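Welcome! Take a look at the picture, then read on.

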Amino acid sequence: MIPAMRSSRGTKPDQGSTGDFRSLITTPDAGQKASLSLSDGSRIAVIGGGPAGSFFGYFTLMMAQMLGRDLDVTIFEPKDFLTPGPGSCNRCGGVISELMVQTLAVEGINIPSSVIQRGLSSYELYTELGDVSIETPTKEKTIASVYRGGGPQDLVISDKDSFDAFLLRRAVEKGARHCARYVDRIAFEEGKPVLFSGEERLMQADLVVGAFGVNTWKVPQFEGLPFRYHRPRMTRTAIAEIALDPDYITERYGNSVQLFLLPVKNVLFAAIIPKRSYVTLCILGKAINRSTVDVFLAHPKVRALFPEGRLDRLACMCLPMMNVGAPRRPYADRIVFIGDSGSTRLYKDGIGGAYFMAKSAVKTVIMNGVSRKDFAGNFMPDYRSIRVDNRFGRFLFWVTSMFRKFGFLNAAMLEVVDKEQADPSDGRKILSAILWDMFTGNERYRSIFFRAIAPELVIKMTWSAVRHFFGGSHDR
Amino acid sequence: MTTDELGRDYEDGEVVFREGEEGNVMFVIQRGRVRVSRTTGEGEVTIATLGPGDVFGEMALFEREPRSATVTAMENSRILSIDKTRFFQNISRDPSMAFNLLRTLSERLRRIDKEFTRLKKRRLEILRSGMDLKETCRVILEEASDAVQAENGSVMVVNPDDGSLDIVAAYGTDTPEKARLTLGEGIAGNVLATGSAELINNVTVDPRFKPGTLSITSIICVPLSSETENFGVINLSHTSNDRLFSKVDLQFVKSLSVYASVAVRNAISLLRLKRATEFLDLGITSFPGAGEGDGV
């Protein structure tokens, strides 16, 4: 577990015990301190043009325009997100959650059908003892499966756009400049960060926003940064694309994300996300490697989702790192880290995490300023809330893994969900709703946790679990 | 079936929600177009048409009032719904999420402001120009009686409020200013109902005749009509025994009635328009600050 963030309150520069940076920091003079806020003509450099960077650029310019302020935003991103293969892809499963779809729609960002691989409306949950289907409450398609890059390596022709390219374009339409350069070094000159690509000086900025991922960007070298940037703690995942006939996908998968809580060695949690002419397999767990994928695909429940006979070859596969921890302090004067380079939501809804942290940073820099103090007072509470929430998430995932391990718990869960789903009334379907929110990323883990310990559900589950524990072969 | 779209499918003509219904959901159009309409005394009026990216039904989020308008898909459309509770949870976490919606609302208000100013200006123009119904009828009557030398005459028009036939213009001694007939009543009422012009030279024996204060001897009654309805009559009469109308007189009044119908119809439309704008004026003066004509 990560230690609690007491040091964030230490706004007096010479106090506190985080002494590792004192030798690096140059005490800013009074004149500099006064200018630690953005004004007309201020220059912002965003490193990384994934969702976090694009959201930051988009919303910064939106708010600045509303306030009649003229800011200059440059997004540094060497990838185009349009070439097939992992090189231009921000490797991830590519699910935009219900909450995110609706939030973006309210914000005026509607994901066009050219970006959507498939509109989804339900989750199919597979466990050792049985399967359940969980539908969207509104029965409409509210989840989008997308590609974060140009699609799988062997994709020849596609009229589809990638989600990341779409967002980056939206930021550019709002007035951001996209610079296809790689930033590898940041130095401080007269209290302001200067970006370099090799020996070439790219720009001096009033604010640098670190919005790079944990996989594709080599972390730039920060010189003179008043803290040491630690990469977040990470875990390895496997993502594989499997080519299938589009009609077969429509028929076999429908509008459902397939979720697996199966006792396969090292696999905590897996999902198959239907795209247009591929399905994306995502595996989370311990010591994931290529053979984990093979073992998982050989499981009868998984095998049944593919055409008989030969299993289509993997069209694309990567073993990206996933952010599961967070650097202790993701900011300094004129620097802030958002997205995966900062903190994100545990295991899922990375786009939602990117949006949340980007907006928090935008509000801070527009409404307050770009000083360490501003970030500590405004950005840090949001950052910390994600970290606290992830602790609830860890607990919930641990509980879920127990369901996977113990048959009687698994049976109890299936029974309760089955009963809820069979109930035609609009009555309270607590467990279904909890599972829905947990898998879709609709709710914070914290509120899911408190709903999960609601007496009504606990009684139902306990009763069912006790029966299955003693009854053993009790029919479902 | 499309697989790459979000939200729900609405067919051309399908109603998303109706005026007066309760609503807890806001909508965002993903594809297609919808018509926003309201029912008025004059029928259904289209307030706006909306397209991709547009938001509607948002008023139900902020007030506990029933839907103020009906929204119908104008073509095959795809619409995403957003639940009220979810929306407010998100806004309370991040109030800046409402900025875009506020901007949309303010844009709409600005457009309505502009439209309102335009209507107000148009109304003034209408008030200043064109003849009113009474004046139109008076001119028609003058022309007709000049040609056929009638002793008495009147133009009656159907009152849109209660359907009765009211005298709008009259001269001579026969016709009291306030005479009213219901549809089918009297000769005029009967002509209005049948739509065919009549010349009667033995009025008193006609079973439809309603005796007045004077003894009528001869009468011409011609309907005022459009393609779809009869909305008035021209009456011309003699009281002296030695004077009777001829078929030529009838033919002349019938020809005149074609032009008279158009003129009266226009005057009625104008009257309705004036009334509608008066209503608009009334609605707006109860709105504080709107009288100053300031932008919102």
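The axes used here are lines fitted to C-alpha atoms, for helices over the stretch in contact, and the angles between N-to-C directions run from 0 to 180 degrees. Keep in mind that this is a predicted model. Two packed helices are described by the angle between their axes and the distance between the axes.

**H2(A) against H8(A)**

- H2(A) and H8(A) pack with their axes 8 Å apart, at an angle of about 35°.
- The crossing of these two helices, H2(A) and H8(A), is right-handed.
- On the H2(A) side, the residues that meet H8(A) include Ala52(A), Phe55(A), Phe56(A) and Phe59(A). On the H8(A) side, the partners include Ala354(A), Ala358(A), Val362(A) and Ile366(A).
- Sorted by class, the contact of H2(A) with H8(A) has 16 nonpolar residues, 1 polar and 1 charged.

**H2(A) against H4(A)**

- Helix H2 (residues 51-66) of chain A also meets helix H4 (residues 163-174) of chain A: their axes come within 8 Å and cross at roughly 25°.
- Angles under 35 degrees count as roughly parallel, so H2(A) is roughly parallel to H4(A).
- H2(A) passes H4(A) in a left-handed crossing.
- Among the residues of H2(A) that meet H4(A) are Ser54(A), Tyr58(A) and Leu61(A), while the H4(A) residues include Asp164(A), Leu168(A) and Arg170(A).
- This contact of H2(A) with H4(A) divides into 8 nonpolar, 2 polar and 3 charged residues.

**The nonpolar cores**

- In soluble globular proteins, nonpolar side chains tend to be buried together.
- The largest nonpolar core here has 146 residues, and those with the most contacts inside it are Phe56(A), Val209(A), Ile338(A) and Ala358(A).
- Helix H8 (residues 350-368) of chain A gives the most to this core, with 10 residues.
- What does Ala358(A) touch, leaving aside its neighbours within four places in sequence? Ala358(A) is in contact with Ala52(A), Phe55(A), Phe56(A), Phe59(A) and Ile338(A).

**Where chain A touches chain B**

- In total, 24 residues of chain A are in contact with 21 residues of chain B.
- Helix H3 (98-106), strand S4 (118-120) and H8 of chain A are the elements that give two or more residues to the side of chain A that touches chain B.
- H3(A) gives the most to that side, with 5 residues.
- By class, the side of chain A that touches chain B has 7 nonpolar, 10 polar and 7 charged residues.

**Individual residues to look up**

- Phe81(A) has a positive phi of about 60° although it is not a glycine, and Phe81(A) lies in the loop between strand S2 (72-76) and strand S3 (95-96) of chain A.
- Is Phe81(A) buried or exposed? Phe81(A) is buried, because 23 other C-beta atoms lie within 10 Å.
- Glu190(A), also a residue other than glycine, has a positive phi near 50°. Glu190(A) is found in the loop between strand S9 (185-189) and strand S10 (192-197) of chain A.
- Glu190(A) has 10 C-beta neighbours inside 10 Å, so Glu190(A) counts as exposed.
- Met203(A) lies in strand S11 (residues 200-204) of chain A, and counts as partly exposed because Met203(A) has 18 C-beta neighbours inside 10 Å.

Methods
Residues numbered from 1 in each chain as written. Chains lettered and ligands numbered in written order. Predicted model: local features only at pLDDT ≥ 70, side-chain atom pairs only at ≥ 80, totals over all residues. Helix = DSSP H or I, 4+ residues; strand = E, 2+ residues; numbered from the N terminus. Parallel < 35°, antiparallel > 145°, perpendicular 65-115°, else oblique. Left-handed = near helix turned anticlockwise from the far one by under 90°. Contact = placed C-beta atoms within 7 Å. Nonpolar A, V, L, I, M, F, W, Y, C, P; charged D, E, K, R; others polar. Buried ≥ 20, exposed ≤ 12 C-beta atoms within 10 Å, placed from the backbone. Core = buried A, V, L, I, M, F, W, Y, C linked by C-beta atoms within 7 Å.
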